[in-house]
Amino acid sequence: MSKTEQKKPVKEQTIQLYQGAKRIHPKMAKGRFANARVLMIAATQLFFFGMPWINWNNRQAVLFSLEDVHFYIFGMVLEAADLLYLTGLLIVSAFGLFWWTTIAGRLWCGYSCPQTVYTEVMLWIDHLVEGDRNKRLKLDKEPWNARKIRIKALKYLLIFVVSAWTGITFAGWFTPIREFVPAIFNGTAGSVALGTAAFYGFVTWLFGHIMREQVCLHMCPYARFQSAMFDHDTLIISYDTERGEPRGARKKNAERGENNMGDCINCTACVQVCPTGIDIRDGLQYQCIGCAACIDACDEIMDKMGYPRGLIRYTTEAVLKHEYEDKDIKKRLTRPKVVWYGGFLAIAVIGLFTGIATRQTIQIDVIKDRGVMVRENKQGLLENAYNLSISNASDKVQVVTASVAGFEDIAVTGLPEGGVVLKAGEIITVPVQVVTQPEYADKGSHPIVFTFKYRIQGQPESEAREITEKSIFIGE
């Protein structure tokens, strides 16, 4: 070894065990699928922001009130005892997700998922304030100056407004929004509702603006288990390798197939518009959310080149292998996995709606007063005390009357004349007494049956419905 080589300094190397995620600045895609995504986002956000402001029978049409544990959904009122229907809704959602994913892959992610929706909204703000992809990249590299501070401040102001109003609206699904919004500005809003709004607004900012695609790549479980529902007939976004390769740059007026080149001109437009930063030409990847931005970008290039659209398109692996044509939708919809998932989904939906449609709007629990087992009243009759817990799970005023059977001479006392009147969604406890002659009720417990009749206030008694509840009477 020479002296020159011995004196050569050794360069230090820094090995990083963790590398932070590089910020992705996707280019705004334009085309039919981008327009469809805008319409879907508009529809979902119109529902989310608008529904809490709709009234129904002098109350909020949809309100999940945690304060009194009542869920108001237009004319239906659900309470804690109806949480069984929540289980049914979860089952429907699960089978619906399985069925839809098997057929259409991740179209839910690309068009309706809240994470995708708010990421798209934040990207619109970026584009509006900072400009398109190249301008945003250039701005990030610029040193901080008055212009950059002004642009960033305006962007964050708009992001704050969107996040804050999203949080306020979310809280408005759980507390009356027409009361909550004014209470925020006059300082009388409840701490729980205010905390809910602040937390959801913060999450909107964190997930939609800061983390963005990182939520889809590393936090969303759906991206991980979706492959269990995919098969070669599932609709996915694919690059047609057979048609596109070998790829390469060429002049705009070049003939198709010139120099044995494929249709892909290697412009990377599909990569530039991808919100998760992947190259769809590398094949199916779990990071793909099915948003079709790459399809719009590629179709635009194909139009400019005079080539047919569809180099990147919604298709299936089976179609790419020429097992059948793209138009053969029947084959995809009638395969066993789809039929089975669809059948279970139909059963779950029918069961849920049947249960809701046949549920009793009046629920009554008869609770024996253990503090007073039996006593003799002023008339010399034996008397037992009970508490009637009555809940009105409808949006109408209901009238409830009661009678009891079990002895030849037995009656219920303590009820208001004309019956108990319950407002919509009201829960009350009514103390009553059951009396009978001493000779009928000897020592020990005796079975009795309460019969309750209920009807909407104003309806004739002939339209009343009945509920029966069993209890016991203690004699002496």
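Started at L422, which I find in strand β13 (strands are DSSP E runs of at least two residues, helices H or I runs of at least four, numbered from the N terminus). This is a predicted model, where local features need pLDDT of at least 70, side-chain atom pairs count only at pLDDT 80 or more, and totals for chains, interfaces and linings use all residues. Residues are numbered from 1 along each chain as its sequence is written, and side-chain values use heavy atoms, with hydrogens and water left out.

Is L422 buried or exposed? L422 is buried, at a relative accessible area of 0% (buried is under 20%, exposed over 50%, partly exposed in between, with a 1.4 Å probe and protein chains only). Leaving aside residues up to four places away in sequence, L422 touches several residues, including I390, V397, V400 and I428 (contact: heavy atoms within 4.5 Å).

I read an open, antiparallel sheet of 4 strands in the order β13-β11-β15-β16 (strands pair if DSSP finds at least two bridges between them). β13 (420-422) and β16 (465-475) are the edge strands, each pairing on one side only. For β11 (398-405) and β15 (444-456) I get 8 antiparallel bridges, and V399 sits opposite R455 in β15.

Last, helix α17 (336-358). Its 23 residues should span 33 Å, and the end C-alpha atoms are 33 Å apart, so the two agree (expected span: 1.5 Å times one less than the number of residues). V338, L345, A348, L352 and G355 are buried in α17; α3 (84-104) and α16 (329-333) are among what covers the buried residues.
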